[in-house]
Amino acid sequence: MKRASLLLVFALTMPALAQTKLDVPYTQFRLPNGLTVILHEDHSVPLVTVNMWYHVGSARERTGRTGFAHLFEHLMFMGSGHVKPGEFDSWLESTGGDNNGSTQNDRTNYWINVPANALELALFLESDRMGYLLDTMTPKTVDAQRDVVKNERRQSVENQPYGIAQVLINEMLYPEGHPYHWPVIGYMEDLTAASYEDVVAFFKKYYTPSNASLVVAGDIDAAAARRAVEKWFSDVKAGPLPDPMPIPAATLTAVKTKTVGDKVQLPRLYLGWLTPRHLAPGDATLDVVADVLAGGKNSRLYKRLVYDMQIAQDVSAFQASAGLSSSFMVIATARPGHTAAELQKVIDEEIKKLQSEPPSAHELERSLNQIESSFYNRIERVGGFGGKADQLNAYYTETGDADWFNEDLARYRALSASDIRAAAAEFLPLDKRVELTVEPEKKP
């Protein structure tokens, strides 16, 4: 087929592709102890994933007692009532499986990927740390993992170039006492001050079946998988459901600026705005705003700052969506001999331009195609971070409906160029934001 003819075929088929419906069938039930279970069959490969979300993150902590949710991400791998320390990983690895976990503001998640014939092992391990973690957790165990987390903070914050920036940005965006004011990893002094009793109380309050959701997906028979889930999780004791999370106010009424020195070679500029929370009106639109501004090498800021003017090493923009409030960030690193002030001038020019003129049809189409493509790419995987099981759990946690794939995609398909301009004008005011500059430390 000639190249011109092939392009015509693509042009004719693209509109139909744009309306393709995502189909992720599932079954859902709840155990008497309150655990919500979601099952999804995918027989493409003989693998299964066990994906657990606890509806607790750093936002459930309080001033003076931060870092607990992330600490438990470590403690949950250190043995439980019927699993000795080290056996969790060794048993999984013996089957060819793998596992991981992560903590954010609003949730903690754990996943286990195993061959289909090892499903019961994965369910046993996951249920044992939910129901019997405290049977073996001791002050010595907590102290050991507390030191591990402290060292992780030293590596990722204190001794990482520009590492302190994200901590400072959140402190500038959100007032003292707001659940997003402190970092997910916590403050060093809070980790030191936390008692063993504090840690135990946090687990008892939030790591209960009624405050969690489990997805089992992959090469399963739904009826058999349900029996296996009931077998391993039905003896986990129920616990009270935590009080609903309030949504505290956070507003910016002026520009807040800060300049700090760090062991870095080049200045870096951080611009941040408070924006609508995840799935609220405006959230999806700002994803496209970010892409138009700095999504790839053909974007406006990358082209001007990096290619044309050659005053920046890199530039990025993103909508950091979260459950209580989101933030929109633009981050740019200056080239040698240039300053953060130079970068800010050009960035503001491009934001003003987008606030007054809609993006071109080509820019909008490029962004929407990339977003839609990412949806299809993610549902090709069952397990791991961002796979179908993780997405089913995320949608259930945030909307109460695990099958929210098409509603999510529809948020983007409905956008017009004028929506992008309006969002940039409404949510990115130049006089209500935070401006953080990280400069190379001056030599004494």
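Biologist: Which residues of helix 10 and helix 12 meet?

Modeller: On the helix 10 side they are Val289, Val292 and Leu293, and on the helix 12 side Glu350, Ile351 and Leu354. Contact here means heavy atoms within 4.5 Å. Keep in mind that this is a predicted model, where local features need pLDDT of at least 70, side-chain atom pairs count only at pLDDT 80 or more, and totals for chains, interfaces and linings use all residues. Residues are numbered from 1 along each chain as its sequence is written, and side-chain values use heavy atoms, with hydrogens and water left out.

Biologist: Why are helix 10 and helix 12 called oblique to each other?

Modeller: Helix 10 (residues 283-294) and helix 12 (residues 340-356) pack at about 130°, with axes 11 Å apart. Angles under 35 degrees count as roughly parallel, over 145 as roughly antiparallel, 65 to 115 as roughly perpendicular and the rest as oblique. The pair is therefore oblique. The angles run from 0 to 180 degrees between N-to-C directions, and the axes are lines fitted to C-alpha atoms, for helices over the stretch in contact. Helices (H or I, at least four residues) and strands (E, at least two) are DSSP runs, numbered from the N terminus.

Biologist: What makes Leu354 count as buried?

Modeller: Its relative accessibility is 1%, and buried means under 20% relative accessible area, exposed over 50%, partly exposed in between (1.4 Å probe, protein chains only). So Leu354 is buried. Leaving aside its neighbours within four places in sequence, Leu354 touches Val289, Val292, Leu293, Arg300, Pro359, Arg421 and Ala424. Leu354 and Ala422 are 68 residues apart in sequence, with 8.8 Å between their C-alpha atoms.

Biologist: Why does Lys353 count as partly exposed?

Modeller: Lys353 is also in helix 12, but its relative accessibility is 40%, so it counts as partly exposed.

Biologist: And what makes Pro46 exposed?

Modeller: Pro46 has a relative accessible area of 56%, so it is exposed. You'll find Pro46 in the loop between strand 2 (36-41) and strand 3 (47-54). Setting aside neighbours within four places in sequence, Pro46 is in contact with Pro115, Ala116 and Asp219.

Biologist: How do you know that the buried residues of helix 16 line one face of the helix?

Modeller: The buried residues of helix 16 (residues 417-427) are Ile420, Ala423, Ala424 and Phe427. Looking down the axis of helix 16, they fall within an arc of 100°, so they line one face. That arc is taken from the directions from the helix axis to the C-beta atoms. Those buried residues pack against strand 8 (268-275), helix 10, helix 12 and helix 13 (361-378).

Biologist: What about Tyr162: is it buried or exposed?

Modeller: With a relative accessible area of 12%, Tyr162 is buried. Tyr162 sits in the loop between helix 5 (139-158) and helix 6 (164-173). Although Tyr162 is not a glycine, its phi is positive, about 65°.
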